[in-house]
Amino acid sequence: MGLHLGKSGCSFMCGISGFLDFKKKSTHANLKKMTDTLVHRGPDDSGYFFETSPEAHIGLGHRRLSIIDLSSHGSQPMAFENLVMVYNGEIYNFKEIRKELENLNYTFTSSSDTEVALKAFHRWGIRAVDKFNGMFAMAIYDRIKSKLTLIRDRAGVKPLFWYHKNGLFLFGSELKSFHQHPSFEKHLNTDGLALYLQFGYIPQPHTIFCHTHKLRAGHFLEVDLGREHIREEKYWDVFDYYQKRKLKISEADAITETEKILKSACEYRMIADVPVGMFLSGGYDSSLVTALLQKDRTEKLKTFSIGFHEEKYNEAHYAREVATWLGTDHTEYYCTPKDALDIIPLLPEIYDEPFGDSSAIPTTLVSRIARQSVTVSLSADGGDEVFGGYEKYQQALKVNRILSFLPAKNVISASLIDIEPENLGFINKILRFDRRFRKVTQALESSHAGNIQALVSSVFTPKEIRQFLLAGSSSASTAFDDFILLDKQLSVLDRLLAIDYKSYQLDDILVKVDRATMSVSLEGREPLLDHRIIEYVARLDSCLKIKKGNKKYLLKEIVHRYLPKEMMDRPKKGFSVPVFYWFKNELRQFLLHYLDEQKIREAGIFNPLKVARLRDTYLAGSNLNINQIWLLLMFEMWREKWLK
């Protein structure tokens with residue numbers, strides 16, 4: 001066994017990579033390059049396992065960010081009997097699992113959750129994952145069974161990619177590690193690109209490259225080395241909990257029990273041997289987590305927020321008000337166009353797959369600021385998807401209700417399909433009628449509310465994508481298509497929430513936070529994504545989530561136990577960024593350079609005339625959807641970084 005371990009302490013928040021090379025051409029040097037390109041995820045140390053088996057060359061690599069057990073006893077790759085493991089994440093209930101294993105005569109040399117995870121897998125196999133409460137991406141090689149097992153956590157907080165072609169299997173925390181292997185073929189996946197244009201992110205299991213996949217959340221993947229056979233299997237699905245029988249309990253009991261689980265989830269995520277902080281926006285979700293953590297603590301929790309000088313987008317004063325009320329040690333910073341100018345060129349490196357959420361800018365900025373004081377920072381992502389906080393749910397429900405009363409939807413759709421809204425002149429210019437018209441026309445063709453939700457969530461409509469993309473693309477399946485798998489007796493709202501848990505939350509929100517925090521070697525933790533919360537809340541009546549138009553009703557009632565209602569009861573702004581204004585002024589040169597018509601023509605991916613028209617219409621002062629331009633810009637910057 002070729003096992004090299006670094007000298008410094010154990011790490012849990014980190015980066016992993018590796019390969020199975022059935023042609024036996026990959027080397028230890030290849031493994032080291034793949035692993036060390038993830039140094040930002042684990043700057044403290046590294047470890048490498050390289051072995052030649054009868055079937056293949058096997059490599060497992062690990063970069064470490066020290067969080068728990070800073071000694072050398074938990075170094076990775078970690079071996080126990082026939083197993084070797086590399087692991088990224090945290091198992092928060094590892095102490096309870098350790099006690100259970102000790103009762104089964106297992107002994108431990110470290111106080112790390114890595115050793116617990118490895119020995120749990122040794123004892124229970126893949127079913128060990130049922131015991132884990134945490135976020136994790138792990139790879140476990142069984143030398144006796146000649147199998148490699150990859151496992152990803154239930155919500156998909158931690159990323160894990162894999163690639164398979166011509167006898168080479170690669171895996172890694174980020175795609176950039178694949179580029180370091182000489183046999184990786186980076187062919188553009190036009191289906192993945194079409195999905196990116198539609199949603200602003202690429203939904204699992206798809207990626208921007210051919211033969212490359214995201215391991216689905218709540219799944220494990222086994223590679224049988226003897227047969228070079230790959231099997232992916234689900235071990236957890238949020239759908240299962242939405243489809244359980246609803247709990248027959250009072251509203252008061254639902255609030256009390258939910259609060260109890262929330263408290264437990266927050267306390268678990270404070271376990272660390274390094275400083276811990278909190279991202280505080282001033283909204284309901286982050287204010288609740290902050291309140292639960294600060295209550296009964298004498299030491300002030302460190303909180304961090306980002307503001308904007310453009311008042312329409314600014315919530316920093318709300319965060320400051322909450323921090324003052326709760327008594328936290330608060331830091332706020334106002335993001336300027338200059339900050340954006342500094343961060344935007346880094347986004348293709350940080351997000352090594354095209355990623356279109358512009359709030360990656362302030363998320364990266366607040367991560368930088370937090371890292372100056374702490375090594376771990378909690379955030380409150382998941383609250384909207386679990387408790388029903390987005391306006392788009394109201395929109396999708398409204399459209400679905402209207403369409404349900406139109407028995408001749410297909411006839412109406414057919415009569416509208418040939419109308420070109422751009423030719424409607426004055427009304428189109430004032431109301432941006434063209435995009436609304438296209439979405440309504442396609443909604444009429446929709447077979448269920450999942451399709452409508454996809455349309456509501458779209459940046460480019462499918463018709464627009466066909467106009468912009470020179471290469472054709474097929475209709476790749478996503479979680480939105482799984483709407484039909486949910487019980488029709490389930491409320492439409494619950495079905496929309498279940499879909500968002502497996503789409504927008506997973507491949508936009510969690511990707512944004514993971515890459516931004518890890519880019520500065522900061523561990524991000526997500527207490528609202530403790531699986532016990534969704535497993536319980538999914539079984540509550542949907543009227544507790546949106547009650548008489550009041551979004552996130554259940555969560556708000558809990559917050560009001562800690563913070564005055566009059567302080568919190570205000571319109572939701574979300575973590576949006578004033579790019580609409582910035583790109584007409586300070587950031588204009590980005591559009592002129594990357595969306596240059598000749599540059600687009602030479603690349604041969606987009607219709608250059610359509611791109612130029614969109615760019616010039618915006619720069620001329622049109623009040624069009626800036627998100628479309630942002631997506632095109634982010635792709636072109638990514639392409640220049642990774643495809644040349």
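1. Two strands count as paired if DSSP finds at least two bridges between them. Helices (H or I, at least four residues) and strands (E, at least two) are DSSP runs, numbered from the N terminus. By that rule strand 14 and strand 15 are joined by three bridges and run parallel.

2. On the basis of the note: this is a predicted model, in which local features need pLDDT of at least 70 and side-chain atom pairs count only at pLDDT 80 or more, while totals for chains, interfaces and linings use all residues. Residues are numbered from 1 along each chain as its sequence is written, and side-chain values use heavy atoms, with hydrogens and water left out.

3. Overall, the protein has 28 helices and 20 strands. Of its 644 residues, 62% are buried (under 20% relative accessible area; exposed is over 50%, partly exposed in between; 1.4 Å probe, protein chains only). Among contacts (heavy atoms within 4.5 Å) with a separation of 6 or more, 74% are between residues 24 or more positions apart.

4. The parallel sheet is open and has five strands in the order 16-15-14-17-18. Strand 16 (329–335) and strand 18 (523–525) are at the edges with a single partner strand each, so one side of each has no neighbour in the sheet. The twist from one strand to the next averages 30 degrees (axes are lines fitted to C-alpha atoms, for helices over the stretch in contact, and angles run from 0 to 180 degrees between N-to-C directions).

5. Pairing within this sheet can be checked by residue. Strand 15 (residues 302–308) is joined to strand 16 by seven bridges, and Lys 302 has Asp 329 of strand 16 as its bridge partner. Phe 279 is bridged to Phe 304 in strand 15. Strand 14 also pairs with strand 17 in the parallel sense, over three bridges, with Ser 377 of strand 17 as the bridge partner of Gly 277.

6. In a regular strand the side chains alternate between the two faces of the sheet. In strand 14, Val 276 and Met 278 point one way, Gly 277 and Phe 279 the other, and all are buried. Helix 7 (residues 284–294) lies across strand 14 (276–279), strand 15 and strand 17 (376–378), at about 150 degrees to strand 14.

7. Which residues does Leu 262 contact, leaving aside its neighbours within four places in sequence? They are Leu 288, Leu 292, Leu 528, Ile 533 and Ile 558. Leu 262 lies in helix 6 (residues 251–268) and is buried, with a relative accessible area of 1%. Its C-alpha atom is separated by 9.2 Å from that of Leu 288, 26 residues apart along the chain.

8. The antiparallel sheet is also open, with six strands in the order 5-6-7-8-12-13. Strand 5 (78–80) and strand 13 (229–234) stand at its edges, each with a single partner strand, so one side of each lacks a neighbour in the sheet. Strand 7 (residues 134–142) and strand 8 (residues 147–152) are joined by six bridges, and Ala 137 has Arg 152 of strand 8 as its bridge partner.

9. Helix 4 (residues 190–199) packs on helix 28 (residues 626–642) at an angle of about 145 degrees, with the axes 9 Å apart. Leu 193, Tyr 196 and Leu 197 of helix 4 make the contact with Trp 630, Leu 631, Leu 632, Met 634 and Phe 635 of helix 28.
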